[in-house]
Amino acid sequence: MPDSDSVQPHYKRIVLKLSGEALREKGSRDNISPQIVSSIAEQIGEIHDLGTEVAVVIGGGNIWRGLSASHRGMERTTADHMGMLATVINGLALQSALEQRGVETRVQSAIDISDMAEPFIRRRAVAHLERGKVVIFVAGTGNPFFSTDTTAALRASEIGAEIILKATKVDGVYDSDPVENPDAKRYEKITFSEALAQQLKVMDSTAFSLCMDNKVPIIVFDMMCPNNIRRAVEGEAVGTLVTA
């Protein structure tokens, strides 16, 4: 691996979108695996060492999914509020792992939880990034009915991020489900318009519209492949690039 001093990052400021499931070891009964969180923190630390300003939006699906609970009869707003709290738990776990690595980190919450996290203030978030701190955005947008994908699109637009890196369990965007169709074609690059026309599931529709309107490109990539975050930040072709 190249020395961080000899490599210039392709992107100066990014938003990394992590699902809550990314923190759970497959087959484990634990909602959060300390080993996996440490591994993710190490990967974030590597791109931080390159000089990239890193903001993270994290989901809560390893603990609670508001939409799923609402389908089982729970009132949707309450279910979504519970999901927001799940993202706070995940954000604090990631902060702990990053700071154990020596990366100064701030958690900013869209809901008031001042004993554990700062409130989200755009100018403060940007100032943290400019000073070399990693910022973790939790509690979604602070509103029910909006996903953490939408949060990533919103925060990226607000802080002027150059790109969203969407970490998933698959290695990009396909023209059909690669699990069901072994002949599914993976795209290396696709435009927003093409993805919409083919009804490809890159993000939910609200998040996708925000990215398209604000011209924020998205890289969809496999989180489990070692060094993929760093490779994407260095400008290598990783996963699928969705762009205007």
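I looked up K189 first: its bridge partner in β11 is L241. The strands β9 and β11 (residues 240–243) run parallel and are joined by three bridges. I took strands as DSSP runs of E with at least two residues and helices as runs of H or I with at least four, numbered from the N terminus; two strands pair if DSSP finds at least two bridges between them.

I note that this is a predicted model, in which local features need pLDDT of at least 70 and side-chain atom pairs count only at pLDDT 80 or more, while totals for chains, interfaces and linings use all residues. Residues are numbered from 1 along each chain as its sequence is written, and side-chain values use heavy atoms, with hydrogens and water left out.

I then traced the sheet. It is open and mixed, with nine strands in the order β4-β3-β5-β2-β1-β6-β10-β11-β9. Its edge strands, β4 (118–119) and β9 (189–191), each pair on one side only.

I next searched for aromatic pairs (Phe, Tyr or Trp rings, the six-membered one for Trp, with centres within 6.5 Å; planes under 30 degrees apart are stacked, over 60 edge-to-face, the rest tilted). I found two. F120 and F137 have ring centres 5.5 Å apart and planes at 85 degrees, so this pair is edge-to-face. F120 lies in the loop between β4 and α4 (122–130), and F137 in strand β5 (residues 134–138).

F192 and F208 are also edge-to-face, at 5.2 Å and 70 degrees. F192 belongs to helix α6 (residues 192–197) and F208 to helix α7 (residues 205–214).
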